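Subject: Structure for your review

Dear colleague,

Please find below the structure that I am handing over to you. My findings follow directly after it.

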Amino acid sequence: MRLSAAVSLLLPFFCADIGASVGESGGVAATGLRSLEGPGFEPVEPYFDLEESANLTALLGNTAVLNCRVKNIGGKTVSWVRHRDIHLLTVGRFTYTSDGRFAARHAPGSEDWLLLIHYLQKRDAGMYGCQVSTTPPRSHSIHLSVVEPETVIVGGPDVYINTGSRLALSCSVKYSPEPPAFIFWYHDDKLVSYDRTRVGVVVSTERGQETTSRLLVHLAEPHHSGVYTCAPANSSPKTVNVHVIAGDQPAAIVHENTSERTVSQRCSWDMLGLLLAHRLLM
């Protein structure tokens, strides 16, 4: 037992001497030592897994979960600091702030150290530091973006079309970190999206980074006039007033679904131009 203990104590020194002598001679063993620093080498000191400790975009009013993954942490402690005011938020699994919206989460044996921020506010946006209690301390910064989705209806707030024309309304949800669970259309406060009694009305939704819902009426009639509301699950509703003009109405009052001027406006400007030109020639 004594011999084995002595060998264990002296072994590091023998290894150091052998490594030094081989390194000087430039043999194969030196290459083997350098290979410890290759892709398969894991440092003894704690380090951050940057892919799992990335920046975060979260929705206003929801809960943000900032993750800091630390490998080889050993007996070290992880703390969260808010950069804006250098405020210590958490140490280990304990929270050190009077703001009850902040909380620390860590499961025993896990490499993930979480900072939870409930009921997100716009002022919560900014940089947060994940710090390991090494000497000197090691820190990794994570940026939190707080966004508020915006609902946009193309062509609003008023749309004018002729009877028998096609009515096409498009509603998009912008600046949302995730697609809305649903987008409902209402016509004068009556749900359109799942009303099978409305013949000729089609609603389709394309989800993605910017989710768009379209309401289509192939042959618009006067009863299709009214207020249409686009109501996404995670954004404020938006409305548009649709006016279906009867066929015997003057064409000059019919507006398009764009920002172009009406026929009557164009005629007025043309007449004014002719009058000015006539005065200049006199």
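Of the 282 residues of the protein, 30% count as buried, where buried means under 20% relative accessible area, exposed over 50%, and partly exposed in between (1.4 Å probe, protein chains only). The accessible surface comes to about 18000 Å², and carbon and sulfur atoms hold 58% of this surface; such areas come from the Shrake-Rupley method with a 1.4 Å probe, and for residues only the protein chains shown count as cover.

Please note that this is a predicted model, in which local features need pLDDT of at least 70 and side-chain atom pairs count only at pLDDT 80 or more, whereas totals for chains, interfaces and linings use all residues. Residues are numbered from 1 along each chain as its sequence is written, and side-chain values use heavy atoms, with hydrogens and water left out.

The protein contains three helices and 19 strands. Both are DSSP runs numbered from the N terminus: helices are H or I with at least four residues, and strands are E with at least two. Of the contacts (heavy atoms within 4.5 Å) with a separation of 6 or more, 58% are between residues 24 or more positions apart.

Two strands pair if DSSP finds at least two bridges between them. Strand β1 (residues 47-48) is joined to β3 (residues 64-71) by two bridges. Here, tyrosine 47 has lysine 71 of β3 as its bridge partner, and phenylalanine 48 stands opposite valine 70. On β3 there is also antiparallel pairing with β8 (residues 112-117), over six bridges; in β8, aspartate 112 is the bridge partner of arginine 69.

Where do the nonpolar residues gather? The largest nonpolar core has 21 residues. A nonpolar core is a set of buried Ala, Val, Leu, Ile, Met, Phe, Trp, Tyr and Cys residues joined through side-chain atoms within 4.5 Å. Among the residues with the most contacts inside this core are Leu66, Val70, Trp80 and Tyr128. At least two core residues come from each of β3, β4 (78-82), β8, β9 (126-132) and β10 (138-147), and β3 gives the largest share, four residues. Leucine 66 touches several residues beyond four places away in sequence, including Trp80, Leu115, Tyr128 and Leu144. A second, separate core has 18 residues, including Cys171, Leu215, Ala220 and Val242. In soluble globular proteins, nonpolar side chains tend to be buried together.

Threonine 211 counts as buried because its relative accessibility is 2%. The side chain of threonine 211 reaches the backbone nitrogen of glycine 208 at 3.5 Å. Beyond four places in sequence, its contacts include Cys171, Pro179, Ile183 and Thr205. Serine 213 has a relative accessible area of 0%, so this residue is buried as well. Its side chain reaches the backbone oxygen of serine 204 at 3.4 Å. Among the residues touched by serine 213, beyond four places in sequence, are Leu169, Cys171, Trp185 and Val203.

Yours sincerely

Methods
A polar contact is a pair of N or O atoms within 3.5 Å; within protein, one must be able to donate a hydrogen and the other to accept it, and residues adjacent in sequence count only if both atoms are side-chain atoms.
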